[in-house]
Structure formats: structure tokens, C-alpha cells
Amino acid sequence: MLNLVKLALRRGPELLFSDATVTVHDGERVGLVGANGTGKSSLFAMILGELQPDAGDLALPPRVVIAHVAQETPADPRPALEYVLDGDHELREVERAIREAETAGDGHRLGTLHGRLDSIGGYSAPARAARLMHGLGFQPGDESRPVAEFSGGWRMRLNLAQALICRSDLLLLDEPTNHLDLDAVIWVQEWLLSYAGTLLLISHDREFLDGVCNRILHLEQKGMQDYSGNYTDFERQRSARLSQQQAAFTKQQQEIAHIRKYVDRFRAQANKARQAQSRLKALERMELIATAHVDSAFSFRFREPPKLPNPLLRLNDVVAGYDGTPLLTGVRLHLSPGVRIGLLGPNGAGKSTLVRVLAGELPTMAGERIEAQDLRIGYFAQHQVEQLDDKASALLHMQRIDPRATEQSLRDYLGGFGFAGDMCLNAVEPFSGGEKARLVLALVVYQRPNLLLLDEPTNHLDLDMRQALANALQDFQGALVVIAHDRHLLRSTADQLYIVSDGSAREFDGDLDDYARWLADRRGDIQNGTRNGNSADAGTPQDRRQRRREDAFRRQALAPLRKEVQKLELALQKLLSERQSLDARLADPALYDGTVDADIQPLLREQGELGNRISATEDAWMDALAKLEAAESDSEREID
């Protein structure tokens, strides 16, 4: 489907990548990953013919149909459904030909065209477009609304629907989840699993990559590395490769040091000079192994809050909404230090409304919001990103919240968020969305909150920054409430899940996999004309009570197994993070300057011990997961 041969690309004077040689076969689902600025989107532009390579070749089959998500949406007065259908180019071509045949009165051609329309599913196309829109979060009736009435984020969803409805050979998706909530992310993931063509996906959502891709191309250090499997497989393979490279580098440096010591000692002695010269030539011919490189630029942590009152914040029977219309009623929430809540629920159900009430930005319509005297709220939301002073630098933003801090200490702090060198002195205005989001996070973290409210904090953040945030949140001592479409962040930071839907906020008895099943049930009920969100509620009241009791019993029986799996997942993530830190220490060139050889051995022993612990924890996790899957299968058979 796609063939790259020694491909190279520059943007201005900067080399993005070179010598990229890859063949992508029909039906493969390939994830394209790497730090921002490594050339992922530029590669897409080359595939679309918008950029030309500086060297090498890029080949596609003739007449290949490529679908991609447009970055701009015109203020189209037509209904949204018609705009989505524009993505099916063959459908529109046949419809145009039918209109021409009708005008010409060509009955024979008209019959042929209607046969072709039927063969491409043209008669069911509006229904397919409506299902796409519903899966992406649009409400019934939105199909007939003019495109111009939708906001920018919803227009991007329309563009995504356009790309998905196209019966393409090759689908290019560049951060398709950025403008989606969790429900839509789960739906798109399920849709892509049934996509018959070849997929190239740029994403910073590791669970999305895990669920969709069977191959990973990693852009780093101006090159492209090919890995089989999903993103988790890629991380394991890359970690092993880096460890092997570091071990080979260490061994070679020791060999080089030994040869140089021999040459320096014997080159002046006549009877040893020839051997010394021979070894010196061998040293010159030696192909040097580069030190293993860990390329994450982000490292930060939450400092301990000045005080941790208990409770921090309470909501008692709160009613919240807008313009006198309640959106949420009867909300009760008790936030104490150590509480970690992830908010789930359909788009528009009130998740962000609840967070705004917690932040004190939205007054309650009824009920009580009681906060502790020493409450310190750290609040991240998209509107905070938009409120940055475009003319001010990152350093100036920091100085405004802490005028007494030294410039060097603030610059050191900003470096942990990727604002190194003169970048922290530049005006914010030209910053990318990810850079602005990182700056807002830096401002929030610096203020040492004891209640952290995060509303979609991972939008526009790359994988390394998302992982740095997840690692930092592990040690956060205050209370956390988070809304995120990034399931990895939710799994690694939230201990409790609350579901916001149908006017209420209540604890969800299950994990994110259960939530995906809940969504599937809810979609089925809506399509069948009901709104209860639980297909088990059909039948007589006695039947419904019995089914709920049985469901509760099954959930209770599976809960210990799920908690064990989650506990081992968190332990494994912590060990992998420790190994990443250790690899970074071993990658420090100062260790290999010939003067501190003795200090390397403990690190290498620690690396080996850590590898054994990771292997043991991984085996235990796999065993626990197998037990859980077996128990779930038994439970499903009981239901059948």
C-alpha cells in the first residue's frame, strides 16, 4: 500500500528525518509516534502530495483512495448530514451522474447508475452517516442543523465523520481523539477495528494506539524505527533495545579505554611500537556505538501542599445549571486528601459543570458548597489555556504568581515542562496548543494545590508529557478530580469513578472496561427507543429487581480480581517508570569518561534486578488478568 525508500524531509534548514525505508502492507493499522516536531504530520502531507521529499521515494498504488480529516470547515449553510455525506466521493459522483441522466432522459444509463448506487450502499448512506454522527456524540436532530451553527470542536467531529464515511483504501488520522470526549473515543476505536483498509494513525493516546494498531513507526533522532505490535509492545521492545544498546556502549567504552591505555603505555617502546600502532588502527576502524538516548524533556513533581485540611470540600444536595435550568441535581461529594475521582459520562451531561462548581467558578442553584479554610485549588481547563497573556513569556507568567522567586529557579522549574533555554523568554503567542497547555499545567503545579481539578488536561499533549503528568500525579497528596478522554491517565490516577448522566452524579461500580460496556448498552437502548441506559431494565418490576441483584452479585464477585489486576498494573507502571529513570542515568555521558568506572557497576546491577522485578510483576499481572477473563467468561455464560 505504501512504500518509503531512503526518504528524507527538511522543514527549512532543519532535517526532520532521513533514510526512512518502510513498506506498509494492505490492511495494516500503523501507529506513527514520536515527540512533537519530529515530522509525523509532515509525512502525512507528503503522502497527500502537499510536500515533496528532499531525498528518496514515496510510492502509492495507482488510483488509491485516500481519506483524511480536513483541518478547516467552511461555514456551510447545508445540513450537517449532507456535509458528512460529501466524504463519500463515489456516492456523490454517482448522484451527480444520475441527475445528468435524468435531465437527458437517458433511461438505460439511469438504470445502470441506480444499480451502481445500490452496489455501493448508496440508499443506506444517510442512515450510515447518521450512525457515524451519533457515535461521535451528536444528538438526534443535529443531522438537519446547518454546519455553520456548530462550534469549532463540533465541526472537527463533522470532518472526522466525513473521513470515516469514505470507503477508502488508505485512512490518515492525525490526532483524531483531540476534540472527542471519552465516549466518542471508545466508539471511534471500535469503528476502526472494523475498518477494512490500511490505517496510518498519529495519536498521543496510548490506550487508543493499543486498541487499534498492530504496528508502530517511531520517529526519533531524525530517523524512523519500525516495531511490530501495539504501543505497549513498542515500549517493551524499545526499552529492551535501549538496554542492549547501553550495555554494548558500556562494553565498547571499556574496550576503547583498555586499547588507549595499551597504546599510551607502549607506543614509545621499540619492541612494542608495531603492536601499539596495530591497536591504534583497530581503534580508528571501530564503529562507535552511540549511548542509549531517552528523549523525554519533561520531569516535574507536585510539591507537598502547605496544609491538608480534612475534609477539603463538600457538596451537599447541590443543584447546578445555567440560566435557571438545572443540569445536575442532588449532587453529594466529599473530598478529602488522597481521594482520586475520575468523572465519566456522555458529552453534555454535566461533567465540566460539576468541576466548575467544585472550582467555585459556577454558583450553585441550591444546596451547599462547603470549603475548608486552607483550601488551595489548582484548576486546569481549556478556557485557562485561552486566557494566557499572549504577549508575555512563560517566565513572566511565573514571575507574576511568585515575584520573590529568583529568575534561575523559575527557569529551572520551567525546564521540567520542556521550556528550556531561551524558549521560556519568548512570547506565548506563537506557542502551539500543547506548549500552552504545558505552561498552564506548570502554573497550576507551582502553586502547590491541595485540591486538583483537571478538565481534559491531555488535549494536545504528546505521549512523553502525558506520562510525566501521570507519574507526577502518582505522588500528589491532595484530592484529585479529573475528566479525561485518555484512559491511561484515568487508570493510573483515579481510584474511584463517578458517572455523570441523566441529571445526577453517582459512583460507578466498575472500571473503564465496564464503562465501555455500559456505553454499548446505552447506545443500544437509545437506538431501540429507550433512555434507561441499561438493557437489563426490560420486563416486569420483579424481573428488573432480580436482574439488578444478579448483576450486583456478579460485580461483587469480580471486584477482588479487578482490584488485583489494577494493583499489579500500577505496580508495573511504577517499575517501568523507575527503569526509564535508570536508563536516563545510564545514558549520562559523564559516567563513561574513564574516571568513574566503579560507579557504573551498581547501576548495571540495579538495572538487572529491576528487569527481574518487572518480569515477575508482569507474569503476576498476566496471571491475574487470565483469572479475571476466565471469571468474566463464566459470568457471561451464566447470563446466557
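A: What follows covers confidence, then the strands, then the helix packing.

Q: What kind of model is this, and what is the mean pLDDT of the protein chain?
A: This is a predicted model. The protein chain has a mean pLDDT of 82, and 82% of its residues reach 70 or more.

Q: Where is the pLDDT below 50?
A: Over residues 529-542. Beyond near neighbours in sequence, that stretch has 20 contacts in the model. Where pLDDT is low, the predicted coordinates should not be read in detail.

Q: OK, strands. How do β1 and β2 pair?
A: Strand β1 (residues 2-11) and strand β2 (residues 14-24) are antiparallel, with seven bridges between them. Leu9 has Phe17 of β2 standing opposite.

Q: Which residue in that hairpin takes a positive phi?
A: Gly12, with phi near 65°. The hairpin of β1 and β2 has two residues between the strands.

Q: Moving on: what is the order of the sheet with β5 in it?
A: The order is β5-β6-β7-β3-β8-β9, an open sheet of six strands with mixed pairing. From one strand to the next, the twist averages 20°.

Q: Which strands stand at the edges there, and why is one side of each left without a neighbour?
A: β5 (66-68) and β9 (223-228) are at the edges. Each has a single partner strand, so one side of each has no neighbour in the sheet.

Q: How does β9 pair with β8?
A: Strand β8 (residues 215-220) runs antiparallel to β9, and six bridges join the two. Leu219 is opposite Met224 in β9.

Q: And the sheet with β14, what order does that have?
A: β14-β15-β16-β12-β17-β18. The sheet is open, has six strands and is mixed in its pairing. Its edges are β14 (377-380) and β18 (504-507); each has a single partner strand, so one side of each lacks a neighbour in the sheet. The twist averages 15° from one strand to the next.

Q: How many bridges between β17 and β18?
A: Four, in the antiparallel sense, with β17 covering residues 496-501. Arg506 in β18 is the bridge partner of Ile499.

Q: Which strands does α15 lie across?
A: β14 and β15 (451-455). The helix runs at about 175° to β14.

Q: Helices, then. How does α13 pack with α15?
A: α13 (residues 394-401) and α15 (residues 433-446) pack at an angle of about 25°, and their axes are 11 Å apart. That angle makes α13 roughly parallel to α15. Their crossing is right-handed.

Q: What makes the contact?
A: Ala394, His397, Met398 and Ile401 from α13, with Leu439, Leu443 and Tyr446 from α15. By class, the contact of α13 with α15 has six nonpolar residues, one polar and no charged ones.

Q: And α5 with α7, at what angle do they cross?
A: Roughly 135°, with the axes of α5 (residues 125-135) and α7 (residues 182-193) coming within 9 Å. That makes α5 oblique to α7.

Q: Which residues are involved there?
A: α5 contributes Arg131, Leu132 and Gly135, while α7 contributes Ala184, Trp187 and Trp191. The contact of α5 with α7 divides into four nonpolar residues, one polar and one charged.

Key: Residues are numbered from 1 along each chain as its sequence is written. This is a predicted model: local features need pLDDT of at least 70, side-chain atom pairs count only at pLDDT 80 or more; totals for chains, interfaces and linings use all residues. Side-chain values use heavy atoms; hydrogens and water are left out. Axes are lines fitted to C-alpha atoms, for helices over the stretch in contact, and angles run from 0 to 180 degrees between N-to-C directions. Angles under 35 degrees count as roughly parallel, over 145 as roughly antiparallel, 65 to 115 as roughly perpendicular and the rest as oblique. A crossing is left-handed if the near helix is turned anticlockwise from the far one by less than a right angle, and right-handed if clockwise. Contact means heavy atoms within 4.5 Å. Ala, Val, Leu, Ile, Met, Phe, Trp, Tyr, Cys and Pro count as nonpolar, Asp, Glu, Lys and Arg as charged, and the others, Gly among them, as polar. Two strands pair if DSSP finds at least two bridges between them. pLDDT is the predictor's confidence in each residue, from 0 to 100.
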